[in-house]
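Please read the following account alongside the sequence and the coordinates.

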Amino acid sequence: MKNKVDSRKDIRKQAGFGIRGQLVIGFTLFVLIVLIIVWIFQVLLLNFFYEQTKMSDLHSVQEGIDHAIAEGELDVACNELAVKYDVCIAVYGVNNGAIGDLLISTEVSPTCIIHYTDSQALNSYYEKALASGGEYTQRFTLAARENNIPSRSDSHKDKPRPEHKDEEHTNNVNNDNVFVIAVSVKALSDSLGNDYAAFINLRFTPVNAVQHTRSVQYGYIAMVVIIAAVIFSFFFSTKIARPLERMTLAAERMANGDFSTHFKIEGYRETRRLAQTLNYAVEEISQADKLQRELIANVSHDLRTPLTLISGYAEMMRDIPGENNPENNQIIIDETKRLTTLVNDMLDFSKYNSGFEEPVFHSFNLTESVRSIINRYSELVRQNGYRFIFTAEDEVTVTADERMILQVIYNLINNAVNYTGDDKTVIIEQTVCGDGTVKIAITDTGNGIPEEAITQIWNRYYKVDKSHKRAVTGSGLGLSIVSRLLQLHSAEYGVESSANAGSCFWFKLKISQM
Ligand code: ADP
């Protein structure tokens, strides 16, 4: 079995990351993931998204030309499309499957290919378009474009046939291999059956230069953001962890038995609440600890006194023959009874407060029960001149745990007998109240209870007079047992008393029958 010191060591050597470590690592990782995602989209896939947009522009231009041919407004429409999408457009009529007259030509780029390509090449593009379902697009790298663009002074016809590299499927980041131009040809026809070939020259801005700049930029941004993330997460985690660390130290002090420990209420709402709850727990534990100490002091005192008397008298009666008389015998019997009461009260108290003892409700004649308890005191009446006055107008039946209610009445009458005045009178009244309840009140003519003690008498081990006069020494548990039993019945109860005016203890139960 582990001892206390081992358990404490076990608690201290908890492995793993603390809140600080977890938050700093977690937050930094999160920022890193966000940066990687942004980098993938903004840098790595920049070229891809750019090309997608350009291709979508190309389709819009093709649709626009198609629409313009149908509407017969080719001129205006092509100029608008060329400016809007930054493309060069050349629309040719088609005669007998070959490129014929140039119908429209808009030129916005000095690096355009379609306006400087001979009719043979244009025809070859057109044939490729027809072969691939009416549309053909060819892309040119920077190097290929340079080969294709003759100087502006060159004549159209003199131009050498460009040696176009088919780069459609290459995707090198090398500047020379980056696509800068796409030439697209679309075969169109109008409602009259005339065929057209629409050539579109689409310019690409090489994005790998931008890509490189962005990569460098992202490197710096990542550095700054990660440093900021570490600093912020460290700051926030410290704000959370510090109150918890302080609370742990305070809890350790508490575990070592220092109940004056106070948990500082600081930090976030949750930690403030935890501190409040722990402060409440410390109060409760220290109260329980105090009561336990009192219990040990009370019990050892209360048990030792009768035990000393019993053994003292018994030895005296054994050693001195003349002392073996009925009076001394009676003292031993009385002290034994006192011991029994004390032990029984302690057992009852722990039984009813453990929460395992639930009341078992059934109907019984309360008036008859009170009478039977009073009868138990007949010896006291006969020998010591006590007077019990019981008044009850009706026979009342209640539904309750009879054993528990009898114990309540017995404890209250016992106290009244112990604390009543010189006239040795105890009055027990049973009154039927208007609200369907019956009130049992036990009144004595004793010294009463001082106002400051009234609320305390129901507490366990509380005694108004701690001087332990032999005649009235009790366990200090009687009224706390009464209070617990009446609470189990959800019954109203109380006491009316003041110094030198006697006391009246009462409780009410619901009447089930009269
Ligand atoms: P005890 O066994 O000491 O009587 P209780 O719990 O029954 O313990 O009562 C608690 C304290 O309340 C008693 O010590 C006593 O000071 C006070 N008390 C109880 N009943 C009476 C009473 N009828 N008159 C005056 N004081 C009383």
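Predicted model: local features only at pLDDT ≥ 70, side-chain atom pairs only at ≥ 80, totals over all residues.

Residues are numbered from 1 along each chain as its sequence is written, and side-chain values use heavy atoms, with hydrogens and water left out.

In soluble globular proteins, nonpolar side chains tend to be buried together. A nonpolar core here is a set of buried Ala, Val, Leu, Ile, Met, Phe, Trp, Tyr and Cys residues joined through side-chain atoms within 4.5 Å, where buried means under 20% relative accessible area, exposed over 50% and partly exposed in between (1.4 Å probe, protein chains only). The largest such core has 45 residues, and L366, F388, I405, I413, I428 and F507 have the most contacts inside it. Its largest share, nine residues, comes from α12; helices (H or I, at least four residues) and strands (E, at least two) are DSSP runs numbered from the N terminus. Beyond its neighbours within four places in sequence, I405 is in contact (heavy atoms within 4.5 Å) with F364, L366, A400, L486, H489, F507 and L509. A separate core of 24 residues includes M55, Y85, F179 and F204.

The ligand is surrounded by 17 residues (a heavy atom within 4 Å), of which N415, D444, S475, G476 and L479 are the closest. At least two residues of this shell come from each of α12, α14 (478-488) and β12 (503-513). The shell has eight nonpolar, seven polar and two charged residues; Ala, Val, Leu, Ile, Met, Phe, Trp, Tyr, Cys and Pro count as nonpolar, Asp, Glu, Lys and Arg as charged, and the others, Gly among them, as polar.

Oxygen atoms of the ligand lie 2.8 Å from a polar side-chain atom of N415, 3.1 Å from a side-chain N or O atom of Y419 and 3.3 Å from a backbone N or O atom of G478. Of the 520 Å² of accessible area that the ligand has on its own (Shrake-Rupley method, 1.4 Å probe), the protein covers 95%.

Most residues other than glycine have a negative phi. D86, not a glycine, has a positive phi of about 55 degrees, and D86 lies in the loop between α4 (74-85) and β1 (87-95). D86 counts as partly exposed because its relative accessibility is 29%. K424 also has a positive phi, near 50 degrees, in the loop between α12 (402-419) and β9 (425-432). With 30% relative accessibility, K424 counts as partly exposed.

Methods:
Polar contact = N/O pair within 3.5 Å; in protein donor to acceptor, adjacent residues only side chain to side chain.
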